[in-house]
Amino acid sequence: MLMIPSSFKPSSLLRIHLIQNKQIIQCCSSHDLRHDRSGAKSGGMSRYEENVNRRLLLFLSVTTSLFPTLSSSGKTKSKSQFDERRLLEQNKRIQKENNAPEDFPSFIREGFQVQVVTPENYTKCDSGLIYRDFVVGEGDFPQAGQQVMFHYVGYNESGRRIDSSYTQGSPARIRMGTNALVPGFEEGIRDMKPGGKRRIIIPPELGPPVGPSTFFSSKQFEVFDVELLSIQNCRRRTVLAFYSDFVCE
């Protein structure tokens, strides 16, 4: 059995391999030609060649057992179900600490990859928007140019409240179709009816702009609980010859 000293490093083994190869070549060049001819005439393999082959096979078996992962060292580690379960439990624990509302969606985040986990009663749109209706409401949907009045509460992925119209003391008022809302938010209330209550999960690509001058500092999913109070028609009013505004009622 071939014994490798524990003090040897992989580079030492490679040097041994090169030295052995050099010795083999030198021995082969100085080998007796008459012996080779006799082996060739007999149609078999000489004893020396058999020894060389055995040594090469032994060396290959040793190096393969010592370095079994060299060829796969560049492969990335795939995420296991255990990792996903651990990240999910961690997100739920943080949401509970932040007093997130009931049936709040969970987010499995690993780097820039995020998986949204929701109950089956959530609806996912082709745009990536996800929502759930708690109360459908009655009446017509808001149209472009109309003003919507609504209350909202905004959360981040951790279930922490980041904004609320309730704490501001008055509902929000926005005219539809004027790019005054975050794209995902306007899409989420576009098919709501007055009196309706809905939870909207907005993906980063439909979310607010990110940067030092904005409220949001990173690309994350945003969750909004929205209550649509009313829809009002608007008309243009001329105040001065060079100034006009909209009156909604």
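The following questions and answers explain how terms are applied to this predicted model.

In this predicted model, local features need pLDDT of at least 70 and side-chain atom pairs count only at pLDDT 80 or more, whereas totals for chains, interfaces and linings use all residues. Residues are numbered from 1 along each chain as its sequence is written, and side-chain values use heavy atoms, with hydrogens and water left out.

Q: What makes Phe-107 and Phe-221 an aromatic pair that is tilted?
A: Rings of Phe, Tyr and Trp (its six-membered ring) pair if their centres lie within 6.5 Å; planes under 30 degrees apart count as stacked, over 60 as edge-to-face and the rest as tilted. For Phe-107 and Phe-221 the values are 5.6 Å centre to centre and 40 degrees between the planes, and the pair is therefore tilted. By this rule the chain has seven aromatic pairs.

Q: Where do Phe-107 and Phe-221 lie in the chain?
A: Phe-107 belongs to strand 1 (residues 106-110), while Phe-221 is in the loop between strand 8 (197-202) and strand 9 (222-232). The two are 114 residues apart, and the pair links distant parts of the chain. Strands (E, at least two residues) and helices (H or I, at least four) are DSSP runs, numbered from the N terminus.

Q: Why is the pair of Tyr-152 and Phe-185 called edge-to-face?
A: The planes of Tyr-152 and Phe-185 stand at 85 degrees and the ring centres are 6.4 Å apart, so the pair is edge-to-face. Tyr-152 is in strand 5 (residues 147-155) and Phe-185 in helix 6 (residues 183-189), so the pair ties together parts 33 residues apart in sequence. Phe-150, Tyr-152, Phe-185 and Phe-224 form one aromatic cluster.

Q: Why is Tyr-152 called buried?
A: Buried means under 20% relative accessible area, exposed over 50%, and partly exposed in between (1.4 Å probe, protein chains only). Tyr-152 has a relative accessible area of 12%, so Tyr-152 is buried. Phe-185, at 6%, is likewise buried.

Q: Why is Asn-99 called exposed?
A: The relative accessible area of Asn-99 is 66%, so Asn-99 is exposed. Asn-99 is found in the loop between helix 4 (81-97) and strand 1, and has a positive phi of about 55 degrees although it is not a glycine.

Q: What makes Arg-198 a charge over the face of Tyr-131?
A: A charge sits over a ring if NZ of Lys or CZ of Arg is within 6 Å of the ring centre and within 35 degrees of the ring normal. Arg-198 lies over the face of Tyr-131, at 4.1 Å from the ring centre.
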